[in-house]
Amino acid sequence: MQEFSARELIAAGFQDTARAKGFLGDSELASLDAARLVRLMRHAPNPDQALLLLIRLAERAPEILGLFEEDGDAALPLIRLLGGSQALSEFLIRHPEQVDLLTDERLSAPQGEEPEDPTAEQLHAALAVARTAEQPGTALRIAYRRQLTCLALRDLCSQDPAGYQPRAARQLADLAGAAIDVALEITRAELAQRRPEVAEIDLAVIGMGKCGARELNYISDVDVIFVHRAPEHIDHDVAQTLAAELASGITKIIGAHTGEPALWEVDANLRPEGKDGPLSRTLDSHREYYARWAHGWEYQALLKARPIAGASELAQEYMEAIWPLVWEASARENFVENVQAMRRRVFDNIPTERAARELKLGRGGLRDIEFTVQLLQLVHGRVDESLRVRDTISAIAALQSGEYVSSQDAAEMSSAYRRLRLYEHRIQMSNMRRTHLMPQRDAELRALAHAVRGPQETRRRAPEELLEEWRGIARRVAGFHERIFYRPLLSTTAALADDDVRLSPQAAEARLAALGYTDTRGAVRHIEALTSGLSRRAMLQRRVLPAMLGWLAEGVDPDAGLLAFRRLSDSLGSSPWYMTMLRDSSVAAERLAGILSGSRFISDLLEHSPEAAKWLGDDEQLAPRSFDSLWTEAQNSLSRHTQRDDAGPTAGVRLVRLIRQREVLRTAIADAVGLLTVEEVGRALAEADRLVTLGALRVAEQEVYGQDEQRIDFLVTAMGRQGGREIGYGSDMDALFVHRAKEGVEPSEAAGQAQKLTQRLRELLSAPVRPAVKGESPLQIDADLRPEGKQGPLSRSLDSYGEYYRRWGEVWERQALLRARPIAGCPRLAEDFMRLVDEVRYGSAPTDSQVREIRRIKARVEAERLPRGADPKRHVKLGRGGLSDVEWLVQLMQLQHAHERPKLRTASTLDGLNALVDDQLLGPHEANTLAEAWKLCTRVRSGNKVWGARSIDVLPDSRRDLEAVSRWCGFGASRAGEFEEHYLRTTRRARSVFERLFYDAD
């Protein structure tokens, strides 16, 4: 035995050199030239595996050793197979009589030429011999694997593996079709012994998916649809039963394990009604279903449909009836949204641990290319019949010929597709397992790196080289969709490089319409305005707009989003940071697109404060600012305007209101991109309101006290959700006004000055600013919770409040004071007033009659204040399980227990729930149910305001409005129905807890 050094064996590709030395000395290989054998092993993807399998195969079929004695590369196909596919090598070991295929003349071809591929007819003939075998099913599976092994040999020995890949995929599809056809013939012959009338049943098998497109994998489910026809004298139900038996027989033969393992699964779930529908239908039944009931995705699936087995005439009639419907699919309502939703669901359903290894479904994978190509086909194939092809490679070529994509893009996309499919084929070929995952182990990666190269390549690549190549392809593929689908839209209006595709205006509008843009002509005008010219701004817009158009199209209202983007760009076009940010920060650009197409409220605010777009790329800039820093800024603004002789008294207030508006915008953007919780949003908005109230009070005091000496101390106390710092966008402020006369001032004089101060404060906060600011929401102050309501004075003295609450205060007023919080005015007065408030709200538990009164008021509120015609299940504030239910329950329990449990003394609803759990007055599950409903209703309320710039307290009914709110609440696109069910279920559970604890418990 010749001795080999470890270096020589490593150079040949062996990983376990000690084992390799032992195997090379095996008696089965004693007749071979060991040095030549080692040199040949350089061509094996996995030499360690190849050497072991060679010994095992030689034991069963010693004649294969003769290949190594011949001149030339006669043994090269065998070496490539043994090192590239353990599963197919095991097939030869199980069936040594099949080794004659290694001398198949089609494996050899003149130097530099590829061997000839068998035709579909030849493959069918090779499998048809199984019909006469003693066990035809087993014989068919063996014959199939023989042909599969022949194909793998030709594939592995191809000088251009990526170029051969489409040929291999076509042969795999033809081979699968032949197997199904022969399985049908075998089933029919067996069934005819029991049911002779089956001979009169025509059954056609329509290939779907990759089989239909003739781009099948080595191991994959074969998607099919069955269609049958019977003469009139055979009863319909009998024909249906016989057709189903024929279809089931195919599945059983292909999937049986006796004698020879199963081939693959015949999957008929793409048939009308899926698993719930009959296995086979008549042609008329298919016509009726697709005309009346089919979903958009079903038409898209039919894009790949092709007859593959059975009655050819019936199959052709099926295609003539159904194929034209495919090309009308893009005109259906919500077509693209549904396609995009399916694509997103695929991504969402990839397990996290597999996402980074997915060749097919992951970012930059095969599905990205297929989605892009099919969408272009369906959009433009309505009028251009040249695009009506099934397989991806041909479709790319047709799109390039029709000038829907550039020649450069077509070449890159075709190359990436072939390469990714080559990876997929080699990975599956190894063990004949249905997988699309890139291997993890170094040994498997090394074998794959060599298997995807031609047989003459002997330099072995490190795993890192393969992974870097794959990741580079994935990065390019990830950019295809925006470049290929959106960039040509720009070429209709802008001067682009010569190799960019120029769509006709009609084709551009068709593409925009398919994406979900309604006003396609308007969209083209916006694109033209943004990209025309030779300025730096136009150049950068042409670079970023393809991605922006895609992200806008995924939003709720792409038209509004594109218009808002144009307006914002008009405002910021001369700002160097703006376009640079969009170009360099995909996070900022995608966030901006989602906001502009999903929020009129934020869009309006951005139009007035476009510089806020800078925050989108910096999460730190989106964090709420502290109140102290905001108040320092506001004081500086007030001080500067006070010193100016030409500044009116309201100029400073205007600036403080603009600070508030800016902080509302900051909060809304941070909320939109998911950086803030519901509680954080409420606190940030409440602090902005507190800021503007404090600033307006400072100006009002200067005005009122400037006309007369200061006669009072004054205090603004927030109530309701404002007091609990739980407000939403555009909320009013419930407030109480308190004053105390200075020493020696008559009560009437103090009351008069307090009245003037209160009125002026309300005017400064609520009056429209000049010039008007789009999107600004003036702060309206509601003082109806004051003693005596609208009939009482706007402001009362501290003593008057004390007397009123002691003598006439009602239990609902105690309840209202639970959320009292001083926000502006005299600190000493605030301390004294809150001391009084605490005595009222926490002084003692309510009596039984007072508890009954609270319950009566709550029932009356539900009966009388719910808007006429409103659905109680959908009203987020007063409806069942809504905000009111949760807040009233917490407040009742606070009134009952806070006098002896200090933890309950909080103005916050959620803090109150937590305190009730801590004090074991409420179970954790009940508290979680209530908290979830309260937060969800708050989100819905905010979603309504952000989406339509209107304050609405009802869960929307319309599809678009509901989708917008659904997205705002974190349910993503096209999940509005799921979100609606979630809302109704959540509030229903909260209502059950509320009714049990609020009305039934003592």
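Helix α42 (residues 959–968) buries Leu 962, Glu 963, Ala 964, Val 965, Ser 966 and Trp 968, where buried means under 20% relative accessible area, exposed means over 50%, and partly exposed lies in between, for a 1.4 Å probe and protein chains only. Helices here are DSSP runs of H or I with at least four residues, strands are runs of E with at least two, and both are numbered from the N terminus. The cover over the buried residues of α42 includes α31 (651–672), α41 (924–948) and α43 (976–1000), with contact taken as heavy atoms within 4.5 Å. Just after α42, Gly 970 adopts a positive phi of about 90 degrees.

The model described here is predicted, so local features need a pLDDT of at least 70 and side-chain atom pairs count only at pLDDT 80 or more, while totals for chains, interfaces and linings use all residues. Residues are numbered from 1 along each chain as its sequence is written, and side-chain values use heavy atoms, with hydrogens and water left out.

Stepping back to the whole protein, the model holds 43 helices and ten strands. Its C-alpha atoms fill a box of roughly 125 × 65 × 60 Å, taken along the principal axes. Of the 1002 residues, 57% count as buried. Among contacts with a separation of 6 or more, 73% come from residues 24 or more positions apart.

The interior can be explored through its nonpolar cores. A nonpolar core is a set of buried Ala, Val, Leu, Ile, Met, Phe, Trp, Tyr and Cys residues joined through side-chain atoms within 4.5 Å. In soluble globular proteins, nonpolar side chains tend to be buried together. The largest such core has 97 residues, and within this core Met 438 and Leu 592 touch the most other members. Helix α21 (residues 463–491) gives the most to this core, contributing ten residues. A second, separate core has 96 residues, among them Ala 20, Leu 57, Ala 152 and Ala 183. Leaving aside residues up to four places away in sequence, Met 438 touches Arg 357, Leu 359, Tyr 423, Ile 427, Leu 445, Leu 448, Leu 466, Leu 467 and Trp 470.

Two helix pairs show how neighbouring elements meet. Two packed helices are described by the angle between their axes and the distance between the axes. The axes are lines fitted to C-alpha atoms, for helices over the stretch in contact, and the angles run from 0 to 180 degrees between N-to-C directions. Helix α2 (residues 17–24) packs with helix α4 (residues 47–60) at an angle of about 25 degrees, and their axes are 10 Å apart. This angle makes α2 roughly parallel to α4; angles under 35 degrees count as roughly parallel, over 145 as roughly antiparallel, 65 to 115 as roughly perpendicular and the rest as oblique. On the α2 side the contact is made by Arg 19, Ala 20, Phe 23 and Leu 24, and on the α4 side by Asp 48, Leu 51, Leu 52 and Ile 55. These contact residues divide into six nonpolar, no polar and two charged, with Ala, Val, Leu, Ile, Met, Phe, Trp, Tyr, Cys and Pro counted as nonpolar, Asp, Glu, Lys and Arg as charged, and the others, Gly among them, as polar.

In the second pair, the axes of helix α26 (residues 576–584) and helix α27 (residues 586–596) come within 5 Å and cross at roughly 100 degrees. The two helices α26 and α27 are therefore roughly perpendicular to each other. Tyr 578, Met 581, Leu 582 and Asp 584 of α26 meet Ser 586, Ala 588, Ala 589 and Leu 592 of α27. By class, the contact of α26 with α27 has six nonpolar, one polar and one charged residues.

Some loop residues also deserve a look. Glu 273, a residue other than glycine, has a positive phi near 70 degrees. Glu 273 lies in the loop between β3 (266–267) and β4 (280–282), and is partly exposed at a relative accessible area of 44%. Met 432, also a residue other than glycine, has a positive phi near 50 degrees. Met 432 is placed in the loop between α19 (407–431) and α20 (442–451), and is buried, with a relative accessible area of 18%.
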